[in-house]
Amino acid sequence: MTEQHASHSFAKVLRTTALGSLAIAGLIDVTAAHAADTRKVAEPVAPAVCSSLAGTSTDATAAIQKALNACPAGKAVRLASGTFLSGPITIPTGRSLIVNKGAVLRAVNRASSFDNGSKTCGTLNGDGKGCNPLITMKGAKNSGIYGEGIIDGQGGVKLSDKGTTWWQLAADAKVQKKKQNAPRLIQIDSSQNITLHKITLKNSPNFHVVFKQGNGLTAWGVTINTPATARNTDGIDPISSQNVTVARSNISTGDDNVAIKANPGAGASRNMSFLNNTFGAGHGMSIGSETKDGVYDIHVNTLTMNGTTNGLRIKSDKSASGEVARVYYDHVTMANVKNQIVMDTVYENKAGSTKANWHDVYYNDVRSTTKGAVILNGTNASSTLKPTMKSVNLAAGTTWTLKNASIIK
C-alpha cells in the first residue's frame, strides 16, 4: 500500500551561488519546502568536560571506558592530546566523547580484541557478525562524539594476530564469495538525539557509521577519508531510522558515501536531510539496497560530487525491494562521476518475490561537467519508473538507458 503524502515543512535556506551552494545559518529548520528531518537542527556545541585524558600510544581501552562510565550525565570525556590505542568501547546514554584537534583514537590492530565471543573475528564465514565495533552506542539518548581530532580504524594495517589487514580480508571475501568478520567503526543502535561534530573518521575496517532503528542523528562537519580501494567501507548508513541530518560533511570512501536502508522487519527510514555536503571517492548518495520496509521523505540539497563512482542512486532487487517515495534531489553538481543518476530495481539480481514501488522522485538543478551514464532500470518495478527531472543538465556524451521507465519533465 502506498503511504499517504506527509505534510511539508519549510527551512531557512539561502542559495548563494549559481551552482546552488548553501549558507546554512546557525539553525536549520528541516529543508526547503520538502518534508525531511522534522527537528530544528543547529550546529552542535560540545558538552562540558568531566575529565581529560592524555594519550601514551599504549592500550587505553580500560581507561577510556572507566572515564566514560564515571562521567556525570550531560558531560563528556576529553581525549586531550596524543595517541590512544583502543579496543571496543561503549559510550553510555547522556555521555559524550571529545577528541581534541591533534589527538588520535586508534583501533588496536589485533582481531582478537574485537571478537564478540564467536572466535571468528578476523576470519571469513557465512554471516560476518563476529566482531564488536570500535565504538558502540546502544539505547543511548543525547550522546555524541565531538572534536576536530581523528578516529582511525587502521583498516590497512597488518593485524598482529592474523598476518593480514582488514581490507585484504574484505578483498578475499569477495573472491571466495564469503563475508568478512571485521569491526565497524561506530555502531549506534536504538538511540535518540545522537551527535557527530567535526570529527574525522578514517581507515575503518568495515562501515564507518551505522545508525540503526534510531530517532535523531546529526552529523555536522564530519570528515570521512578512507581509500577508494577499501571494500565495504560505507560512510554513513542510516538504517530503519528517522530524523537524520548530515550537513557540511566531506565523505570519501570505498563503498557508498551514504546508504539509506530499510531492512526487512526493522522498520522504515524517513525524514532525512543531506545539506551542503561534498563527496569524493565512493559509490554515491544511495538509497538501498534494502528498501523492503520503505524509505520516505528524503531531501538532498546542495551536494558536490567529484570522482564518485555513482552519483544519485536508488538500488534494490527482488530480495528486499519496497516502497521509496518523496525523494528530492536539489542543486547537485558532479564531475568525473561514472553513473550520474541510477534507479536500479535489479541491483544484484538476487532471488525473491518483492517488487520495487518507487514514485515521487524529483531531480532539480542537477548538473555534470563530464560525461557519464543515466541508468533507469525498472525491470522489477511494480509500475513504470517515472522520475521528474527539471533543469537536469548533463555533459554531452552522457548515455541514457531506460527499461520500464520514462521521465516526467
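**Salt bridges and their setting**

Author: The accessible surface of the chain comes to about 15800 Å², with 49% of that area on carbon and sulfur atoms. Accessible areas follow the Shrake-Rupley method with a 1.4 Å probe, and for residues only the protein chains shown count as cover.

This is a predicted model, where local features need pLDDT of at least 70, side-chain atom pairs count only at pLDDT 80 or more, and totals for chains, interfaces and linings use all residues. Residues are numbered from 1 along each chain as its sequence is written, and side-chain values use heavy atoms, leaving out hydrogens and water.

Now the setting. The chain holds two helices and 35 strands. These are DSSP runs, numbered from the N terminus: helices are H or I with at least four residues, strands are E with at least two. Of the 409 residues, 56% count as buried. Buried means under 20% relative accessible area, exposed over 50%, partly exposed in between (1.4 Å probe, protein chains only).

Next, the charges. There are 43 positive and 26 negative side chains, and the centres of the two sets lie 2 Å apart. Lys and Arg count as positive, Asp and Glu as negative; His and the chain ends are not counted. Each charge is placed at NZ of Lys, CZ of Arg, CG of Asp or CD of Glu.

The structure holds ten salt bridges. Each is a side-chain nitrogen of Lys or Arg within 4 Å of a carboxyl oxygen of Asp or Glu.

Take arginine 39 and aspartate 37. Their side chains meet in a salt bridge, 2.8 Å from N to O. Arginine 39 is buried, at 18% relative accessible area. Aspartate 37 is buried too, at 0%.

Aspartate 256 pairs with lysine 315, and their closest N and O atoms are 2.8 Å apart. Aspartate 256 sits in the loop between strand 24 (250-252) and strand 25 (258-260), and lysine 315 in strand 29 (residues 310-315), so the pair ties together parts 59 residues apart in sequence. Both aspartate 256 and lysine 315 are buried. A network of salt bridges links Asp256, Arg313 and Lys315.

Last, arginine 326 and aspartate 297. Their salt bridge spans 2.7 Å, N to O. Arginine 326 belongs to strand 30 (residues 323-335) and aspartate 297 to strand 28 (residues 295-306), so this pair joins parts 29 residues apart in sequence. Arginine 326 is buried, with a relative accessible area of 2%. Aspartate 297 is also buried, at 2%.
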